[in-house]
Amino acid sequence: MAAHRKPKQHPLSGPAARTAATLALAGAATATAFDGTGHAEPGLTPAQIKAKVDKLYQEAEAATEKYNGAKEQTAKARASLDRLREEAARRTERLNASRNALGSIATAQYRAGGMDPGLQLALTSDPDEYLERAALTERVGARQADAIAGVHQQLVEIARLRAEAGERIDGLKARQTELAKHKATVRDKLAAAERLLATLTAEQRASYESSNGAESPAGTRADRSAGPRGSLKAPNSRAAQAVAYAYGALGKPYVWGATGPASFDCSGLTQAAWGSAGVSLPRTTYTQINAGRRVSRSQLAPGDLVFFYSGISHVGLYIGGRQMIHAPRPGAPVRVAPIDEMPFAGATRPV
């Protein structure tokens, strides 16, 4: 049996060992944060961490807008299915009333000597059987034939509605699956960003937060006073109202999927701001950019919607002076920011 040997001591000890361990932990904390690779990255500098966190937040916001779109489509699909079911129920009630009327005729004929085959046929619930034996309706009078044909038409229509409802249910399930996928993506991106931020010192994190809109109460108050509202020259009263609403939202938290009034995501804020002016905007950034008239960067006026990134994944409300009010990201409340801080993608004027 081989003799047991005492393992060699690591050449690092004392402060040097603690420094090495700290760097190793920081590298491990960032492992699996990207692409699900599971391979540890070397120790990242605060600047590299900031860049990666910024990218994760941007990707999370793009996924948030897809989530918002899927949520809106899910709600529409559910409402459409409900309307279809209500229509099928109404038609079923009318069918029952028609069949009850025919049943009364059948009872009278039975008492008079037997039920007409055409009436027996009309009381069946099988439209195919009716079609196969439709010639039998010629045995009844014109009035009864019309009534029987009406029952048949109602049976066919109810069958169509039920088939369509089945398709809508399948579509709703697909929307719900899509919704869950985007929701999971948002959460994964935000969790990865938080893991990276956790590798920073308290001072480094505070510096990052202050440079990215997570301001102190004093900073929020300063934002509230930026650009006096009375001096803004909005193109119309509705735009002025949208700007006023956005100012009132300063300092409120960013929550993905939120549309106010207590919290907002980026498109939720612009939708609520213009909604306060009586203008209904679509829910997502990539649909809001098509709401209204496109304007160039040089033509921007207070109340215009300004969009960023190639995927149109972020939106703010322009307030003049190359400034906007927007909901930046989790941890950063609604604030005033320069429109130059992100890649400009376009602008639109709702009214």
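A cavity, on a 1 Å grid over the protein atoms alone, is a set of points where a 1.4 Å probe fits but cannot get out. Grid points are joined across faces, edges and corners, and a volume is the space filled by probe spheres set on the points. This is a predicted model, where local features need pLDDT of at least 70, side-chain atom pairs count only at pLDDT 80 or more, and totals for chains, interfaces and linings use all residues. Residues are numbered from 1 along each chain as its sequence is written, and side-chain values use heavy atoms, with hydrogens and water left out.

Start with the cavity. A search of the whole structure turns up one of 30 Å³ or more. The volume of the largest cavity is about 40 Å³. Its lining residues (an atom within 4 Å of a point) include Tyr57, Glu61, Tyr254, Trp256 and Arg329. Eight of the lining residues are nonpolar, one is polar and two are charged. Here Ala, Val, Leu, Ile, Met, Phe, Trp, Tyr, Cys and Pro count as nonpolar, Asp, Glu, Lys and Arg as charged, and the others, Gly among them, as polar. Helices (H or I, at least four residues) and strands (E, at least two) are DSSP runs, numbered from the N terminus. Helix H2 (46-112) and helix H5 (142-197) each supply at least two lining residues. H2 gives the largest share, four residues.

Now the sheet. It is open, has six strands in the order S1-S6-S2-S3-S4-S5, and pairs antiparallel. Two strands pair if DSSP finds at least two bridges between them. S1 (293-294) and S5 (335-338) are the edge strands, each pairing on one side only. S3 (residues 314-320) and S4 (residues 323-326) are joined by three bridges. Gly320 stands opposite Gln323 in S4.

Two helices pack on this sheet. Contact means heavy atoms within 4.5 Å. Axes are lines fitted to C-alpha atoms, for helices over the stretch in contact, and angles run from 0 to 180 degrees between N-to-C directions. H8 (residues 237-248) touches S3 and S4, at about 110° to the direction of S3. H9 touches S2 (305-308), S3 and S4, at about 45° to the direction of S3.

H9 (residues 266-275) is largely enclosed by the rest of the structure, because eight of its 10 residues are buried. Buried means under 20% relative accessible area (1.4 Å probe, protein chains only). Among the buried residues of H9 are Cys266, Ser267 and Trp274.

Finish at Thr285, in helix H10 (residues 285-288). Its relative accessibility is 0%, so Thr285 counts as buried. Leaving out residues up to four places away in sequence, Thr285 touches Cys266 and Ser267, among others including Glu65, Phe307 and His314.

Technical notes: On a 1 Å grid over the protein atoms alone, a cavity is a set of points where a 1.4 Å probe fits but cannot get out, and a pocket is an open set with protein on both sides within 12 Å along at least five of seven lines; lining residues have an atom within 4 Å of a point. Buried means under 20% relative accessible area, exposed over 50%, partly exposed in between (1.4 Å probe, protein chains only).
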